[in-house]
Amino acid sequence: MRWKLPKLVPRSAPIILLVLTLAAVSGFAAVSHLVSRYNLNQQARGRRLYAQGLADVATKRYDDAIAAFRAALTCDPTNPQYELTLARTLRDSNDPRRLDEAESYLLALWQRAPQDAAVNLALARVAARRGSIEDATRYFHNAMYGVWASDPDANRNRARIELIEFLLKRNARAPADSELIALAASLPASPAAHLQAAHLFEQAQDYAGALAQCEVVLRLDPGNAAALAGAGETAYRFGDYVLAQRYLRMAANANPEDSVSRQLLESTDLILRANPFHSHISDAERNRRIDAALAQAEVRLTRCAQQAHVDLNSTANPPASPLPGLQARWLLAKPDLKLLRSPAETDLPDAIMDVVFQIEQQTAATCGPPQTLDLALLLISRKRETATQ
Amino acid sequence: MSNRAPIVNPSSSSSTQTVARVRASRRLFSKLDGVFNEEVFFLILCVFIGIFSGLAVVCFRLAIDWTHLALLGPLPETHSWRLFAIPSLAGIVVAILVLHVFPGIRGSGVNQTKSALYIFNGFIPFRTAIGKFICAGLAIGSGQSLGPEDPSLQIGASIASALGRQLEISREKLRLMAPVGAAAGLAAAFNAPISAVLFVIEEVIGRWSAGILGSVVLSAVASVVIVRSFLGSEPLFRIPITAFKRPSELLAYAVLGIVGGLASVAFAKAVGYLRPILKGLPRWTQYFQPALAGLLIGLIAFLGFPQIMGAGYGSMDEAMHGQYEWKVLAILAVLKIIATTFSFVSGTPGGMFAPTLFIGAMLGGAVGDIERILFPQLTGSTGTYVLVGMGVLFAGFLRVPMTSVFMVLEVSGNYEIVVPVIVANTFSYLISRSLQPIPIFDMLTRQDGLILPSLEEDREETILRVEDAMLPVPDTILSAQDYVDANFHRVQDSADSTFLVRMHPSGWNIATREQLQRFYREGKGELTLASVLPVQSLPSLYPDLSLDSALRYVNDYSLIPVVNRADSRRLEGVVSRDSVFQKYGSERAIEVPGNA
């Protein structure tokens, strides 16, 4: 196929270049038109495949979804939504080999838009899957301070809550505490949000923080049964049994079906009734409680020794068993009960209760968690220890 | 009745303005004409070649994508009848087109461009571009195991050649047009201008000069700019995080180089063995060869490996991100060698660049994974081994060591892996060279009955230098500052007939015994030799120059001084016509033992 342009114009360099420029511009315009038409078709095809992929994800057919998203991305390679969704699906497909690819897609997106909160959140989740606290924290923070397409405050709090849950799961208490403080300061005036925060504080064993969040909820919604139960339980864990009793009683009244609050209330009542160190009780009442506690301790010790096959009166017990020693201490403390009425013996209640607490703690360690009055005595001992510290 | 419009007499002022405008325009063009000498014009032309090639490659890629979507659908399907039917039917159509409409498009675009440069004075028919566009687009789009890079290269070369012929540029420039267009086409196809420039210089043109490099670079850059403006600047693959941490891991990459070298040899030998056999079969079988290749590929895809269809960039991307186990990677490498060999030897138009990268990627991933199973302390990711593997096959199979390194670097954009790439590529190249002395492109050319310069052989050829033919410094060297008497007496004890004369302050001349005797007889003994010798500038040579450079002078001068590069007055030796010819003669005797 030999072809030749007709020599319509003189072969002068400027004219040739002018003709070539015109040809290039025309070619560019023609190819632009072609490419834009092609891209429009591809984008339409991409949308169809994307919808198909979403349907596959909804039915947990991850392999099909990934294939559809890949094809959609081939059709529209610059669509960040497809890329992000493909990366999320690869991440969520429970195939560890796909985590690298998900990260690669997300890093590519991140390089193009490092401020995109959704991308940072997705990267944070990949890092969380890998168990990398440092990377996950960095990307979660990027997500919190990044740009959200809608509802930025709620999304930021959600990201922070996810970070806290991750940190708590990884036992990273110190950074979790910092995030909880920041979360508490940024929460909207919503009972649900504060209740969730209270739950996180409780998970982090920050009972004071949890109680404060429940009280915020009760200020917003005074009859909130969940908040009442939460406040009661938190106060109980915190060791403030008077407050716990108040909240738990209100919770049980507000929701009679709440068996947990009811059980805790019973336990709280028992603690308050058994505690010889409670203020506003008479000396006689204190002495009665000490007497009852010592008697209960003996019962607990005897039962535990039977359970552990230890003869409290024999010398042939295993040397490691502390129960005979406790029996001896109990026997020494028993006669002191008579001296309780003497005003000179001010240290005696503490000394007797110390024997009771040791018996309760040791039997709990040897024979498992106690019930009813023994449990109450154990909790009183723990509160007493905390107060002393 | 006349329909002619009445003749309007233009007003005299507008007529004057028009004439003035035309004259001004002519003056401008005549001035511009002076600005454009041939070199400048050629360089500007290279930019246009890049633009046109880029536009053509964009269309070519769209055509492949569109064909693939139309014939095979957007989603990969296994166990579908289309996997068999489409490549087979498309193969028959392609065979008919190749045999009846575009007979010149069989074979490698690289070799056709080299042929244009060395044999056909830069001529590549434009029909080739059209044929490659249609047939390669249909073949690759229907799933034949071939790549779009070689056809893109040839489309670029074809466009450049046609443009050069149209513009009637000089023969010397016209020869260069095809490689310039080839660089543009390849750069556009790979979205990698440096590798394309290096490939064309390394494999097609074979020599470096500022003019050649400038023209090739301009066209490659222009085409890449065009492609990126339409198709975006995203690389062919999403590159994972790659790193090279411990030097001891180079051993692992060396092993990859060795395995890659062996795979390259197997691939090249399979192509070299099967191609002449299939070409030698009766002509009617050629209608079915591409279809049978398509059927084989369809069968492989049907059995669960559709990744081998087409260029396979998507699968390379997945391999790079650890989506396949080492067994699957190894199987894919072997199957791709088989599929590409049959696609190529059946005469289906398409290139082997992408399949080479595919095989290398899969092999690299497989070797890397096995090595990491055996030695868990290795830190290189699968992606790193996949990338290095691509370079390994490029170096071993296509035998372009420089391009193979830059290809990986340019595609990955990561210079951390340059050392593993160089080490692995070197092993692969050396193994391939020792087990398969003839590179694949040269082998294909020779099978087609053409003898083109083998650039690898050129690179390896021993060059004769001036020092190889150099004679010792003569005992008698005359001085131009001395009198003729003194010089005449100095030559009396010498047996030579020609003497070097050291000029002042620098330079050399020659005096013969007869000349000195004549000057002496003519009573010029009291004159300096410089004043009586005819003025001539005797060239001097350096010992490291090619002996060919001495050939230019040996007929004109009986003795040529060889001087030191640092001090041109220091004589290292001399060469004469006899010494040069004797050296060439002895080399010829070594090359052809029968003559000894």
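A crossing of two helices is left-handed if the near helix is turned anticlockwise from the far one by less than a right angle, and right-handed if clockwise. The model toured here is predicted: local features need pLDDT of at least 70, side-chain atom pairs count only at pLDDT 80 or more, and totals for chains, interfaces and linings use all residues. Residues are numbered from 1 along each chain as its sequence is written, while chains are lettered from A and ligands numbered from 1 in the order in which they are written.

**First stop: a helix pair in chain B**

Select helix 6 (residues 149–166) and helix 7 (residues 171–190) of chain B; these helices pack at an angle of about 145°, with their axes 6 Å apart. Helices (H or I, at least four residues) and strands (E, at least two) are DSSP runs, numbered from the N terminus. Axes are lines fitted to C-alpha atoms, for helices over the stretch in contact, and angles run from 0 to 180 degrees between N-to-C directions. The crossing of helix 6 of chain B and helix 7 of chain B is right-handed. Their contact comprises 15 nonpolar, eight polar and three charged residues. In this classification, Ala, Val, Leu, Ile, Met, Phe, Trp, Tyr, Cys and Pro are nonpolar, Asp, Glu, Lys and Arg are charged, and the others, Gly among them, are polar.

**Second stop: the sheet of chain B**

Move to the open sheet of three strands in chain B, which has the order 1-2-3 and mixed pairing. Two strands pair if DSSP finds at least two bridges between them. Strand 1 and strand 3 of chain B are the edge strands, each pairing on one side only. On average, neighbouring strands of this sheet are turned by 40° against each other, direction ignored.

Select strand 1 (residues 477–479) and strand 2 (residues 498–502) of chain B, which run parallel and are joined by three bridges. Leu478(B) has Val501(B) as its bridge partner in strand 2 of chain B, and Ser479(B) stands opposite Arg502(B) in that strand.

Leu500(B) has Ile510(B) as its bridge partner in strand 3 of chain B. Strand 2 and strand 3 of chain B form a hairpin with five residues between them, and Gly507(B) in the turn has a positive phi of about 100°.

Show both chains; 33 residues from chain A and 30 residues from chain B make up the contact. Two residues are in contact if their C-beta atoms, placed from the backbone, lie within 7 Å. On the side of chain A, helix 1 (13–58), helix 2 (62–75) and helix 4 (97–112) each give two or more residues. Helix 1 of chain A gives the most, with 15 residues. By class, this side of chain A has 23 nonpolar, four polar and six charged residues.
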